[in-house]
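Subject: Handover of a structure

Dear colleague,

Please find below the structure that I am passing on to you.

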Amino acid sequence: MDALRVSVWRGKESGEFRTYEVPQFASQTVLDVVTYIQRNLEPTLSYRFACRVGMCGSCAMTVNGKARWTCRTHAAKVAAGNALEIAPLNHLPVIKDLVTDMTRFFDKWAQAQGQFRGERTRKDDFARVKPDSAQRQQADAGIECIGCGVCYSACDVVAWNPDYLGPAALNRAWTLLTDVRDIARVERLAAVAGDAGCHACHTHMSCTELCPKHIAPTASIAGLKRAVTGAVLKGEL
Ligand code: SF4
Ligand code: SF4
Ligand code: FES
């Protein structure tokens, strides 16, 4: 197999792509490619990962123009010929090389009231929500989000409107809204009802197309739009 020609972003907001030759091997992931470069060719290359098995959400990068989780993306499947271009995620400040500052991304989860609020204490019995109930299934649809930022990086509205809460935070708000144990419904709807909230989504679907966990933030956001409208009509907002 010919070596991969890998262009990697070096620098901060300003910088340049530098090209490295990386030997190919079976089942090689994009994260393996970046790791090879750092261990063998460019020890100062900065990148982020933790679990390597698709759970932590820390390894997302832009690969040949699309945001992807690199630990579960096979290089051979996304290379154009033998060429790979690896850049940091879009719409987030670059700290160095492939590492972005996720602060704003997670701050928006907090702004969207992304923390569960229940009324039970540790002295109460467990809440039992039947796995086959419609509400449970609705909440389950978005709950496996790993906070990777792929959807946020893919969303054009985030580029136009930096205050837009974005698909991940809104998906989280919807997941809590559909959780029968949560008691912060009206506060949560108020948090996502403004100009930077669910109504700013243009339903472009890029988030849903690229989410590695096959979550559909577009559907969650549509649910929020309906819920906000319903709450306005009832005079709750
Ligand atoms: S569907 Fe909405 S949130 Fe998702 S990428 Fe498009 S505009 Fe962004
Ligand atoms: S919704 Fe999907 S793409 Fe967005 S942060 Fe969660 S797991 Fe990543
Ligand atoms: S390293 Fe954890 S999801 Fe990729």
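This is a predicted model: local features need pLDDT of at least 70, side-chain atom pairs count only at pLDDT 80 or more; totals for chains, interfaces and linings use all residues.

Residues are numbered from 1 along each chain as its sequence is written, chains are lettered from A and ligands numbered from 1 in the order in which they are written, and side-chain values use heavy atoms, with hydrogens and water left out.

The chain as a whole

The chain has ten helices and seven strands; these are DSSP runs, numbered from the N terminus, with H or I and at least four residues for helices, and E and at least two for strands. Along the principal axes, the C-alpha atoms of the chain fill a box of roughly 60 × 40 × 30 Å. Of its 237 residues, 43% count as buried (under 20% relative accessible area, with exposed over 50% and partly exposed in between; 1.4 Å probe, protein chains only). Among contacts (heavy atoms within 4.5 Å) between residues at least 6 apart in sequence, 64% join residues at least 24 apart.

Cavities and ligand

The structure holds two cavities of 30 Å³ or more. On a 1 Å grid over the protein atoms alone, a cavity is a set of points where a 1.4 Å probe fits but cannot get out, and lining residues have an atom within 4 Å of a point. Grid points are joined across faces, edges and corners, and a volume is the space filled by probe spheres set on the points.

The largest cavity has a volume of about 110 Å³, and its lining comprises 14 residues, with Cys155, Cys201, His204, Met205 and Cys207 nearest its centre. Helix H6 (156–160), H9 and H10 each supply at least two residues of that lining. By class, the lining has eight nonpolar, five polar and one charged (Ala, Val, Leu, Ile, Met, Phe, Trp, Tyr, Cys and Pro count as nonpolar, Asp, Glu, Lys and Arg as charged, and the others, Gly among them, as polar).

Ligand 1 sits in this largest cavity, meaning that more than half of its atoms lie within 2 Å of the grid points. Around ligand 1 there are 13 residues, of which Cys155, Tyr164, Cys201, His204 and Cys207 come nearest; a residue is near if one of its heavy atoms lies within 4 Å. Helix H9 (206–210) and helix H10 (217–233) each supply at least two residues of this shell, which divides into eight nonpolar, five polar and no charged residues.

The second largest cavity holds about 90 Å³ of space. Of the 14 residues that line it, Cys145, Cys151, Ala168, Cys211 and Ile215 are the closest to its centre.

Individual residues

Most residues other than glycine have a negative phi. Methionine 205, in the loop between helix H8 (185–192) and H9, has a positive phi of about 75°. Because its relative accessible area is 35%, methionine 205 is partly exposed. Histidine 214, in the loop between H9 and H10, has a positive phi near 55°. With a relative accessible area of 73%, histidine 214 is exposed.

Glycine 65 lies in the loop between strand E3 (60–63) and strand E4 (66–69), and counts as exposed at 55% relative accessibility.

Yours sincerely

Notes
On a 1 Å grid over the protein atoms alone, a cavity is a set of points where a 1.4 Å probe fits but cannot get out, and a pocket is an open set with protein on both sides within 12 Å along at least five of seven lines; lining residues have an atom within 4 Å of a point.
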